[in-house]
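Here are some notes to read alongside the model.

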Amino acid sequence: NRLLDGNSSDYACVKNVVITPLKPFEAPKVLPIANGEELVTNGDFEDGLIGTKTDGGGSVSTWTLNTTSSISGSQDGLLDLTTVSSFQSFPRLKFLATMSVGEQYILSFDYKVNSGICVIKELYVGGSAILIEEELSGSGTFEYLFTALQSGEFDIYWKGLDLFTVQLDN
């Protein structure tokens, strides 16, 4: 056996060439990744408003059921921050979902920013904060992959330093 050095007398022989098609990419499933099970009951708001809202640091906001120009279906949730906070992590929306420590999940929701600067500050899961710091603009789908460090309900902390109005749906 000798190496090919570019001379005209060099040659190579190839046997058993196989070409296989690539499989298409599959997007991650809705939470949890393991089985695609939806963990938030009534996330589409069709059976009414879900979640609870907390203000702090002087923030004033409303969390209401919106039936005007909803993202999908007949209604969605509307978060309206009318007075800014002196802290970066208000207002907060809390939702119930049972998660297991060490499991990976995807937080996913549709949104439409109607006005202002709307920033998700962090995700708070069962006592553990996960910094996100992502601005939402226009309309679209927000997705965030995370590993649950603790079990329990989860909160979305909004950066309340600027006024905003945002619709949320699943």
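1. Does P91 count as buried or exposed? P91 counts as buried because its relative accessibility is 0%; buried means under 20% relative accessible area, exposed over 50% and partly exposed in between, with a 1.4 Å probe and protein chains only. Before going on, please note that this is a predicted model, in which local features need pLDDT of at least 70 and side-chain atom pairs count only at pLDDT 80 or more, while totals for chains, interfaces and linings use all residues. Residues are numbered from 1 along each chain as its sequence is written, and side-chain values use heavy atoms, with hydrogens and water left out.

2. You will find P91 in the loop between strand 3 and strand 4. Strands here are DSSP runs of E, at least two residues long, and helices are runs of H or I of at least four, numbered from the N terminus. Leaving out residues up to four places away in sequence, P91 touches K53, T54, D55, I156, W158 and F164, among others; contact means heavy atoms within 4.5 Å. V60 lies 31 residues from P91 in sequence, yet their C-alpha atoms are 7.8 Å apart.

3. For the overall picture, the protein has 10 strands and 0 helices. Of its 170 residues, 38% count as buried. Taking contacts between residues at least 6 apart in sequence, 71% join residues at least 24 apart.

4. A cavity is a set of points on a 1 Å grid over the protein atoms alone where a 1.4 Å probe fits but cannot get out, and lining residues have an atom within 4 Å of a point. The largest cavity has a volume of about 200 Å³, and V40, L107, S108, F109 and N170 are the closest to its centre of the 15 lining residues. Strand 5 supplies the largest share of this lining, 3 residues.

Terms used. On a 1 Å grid over the protein atoms alone, a cavity is a set of points where a 1.4 Å probe fits but cannot get out, and a pocket is an open set with protein on both sides within 12 Å along at least five of seven lines; lining residues have an atom within 4 Å of a point. Grid points are joined across faces, edges and corners, and a volume is the space filled by probe spheres set on the points.
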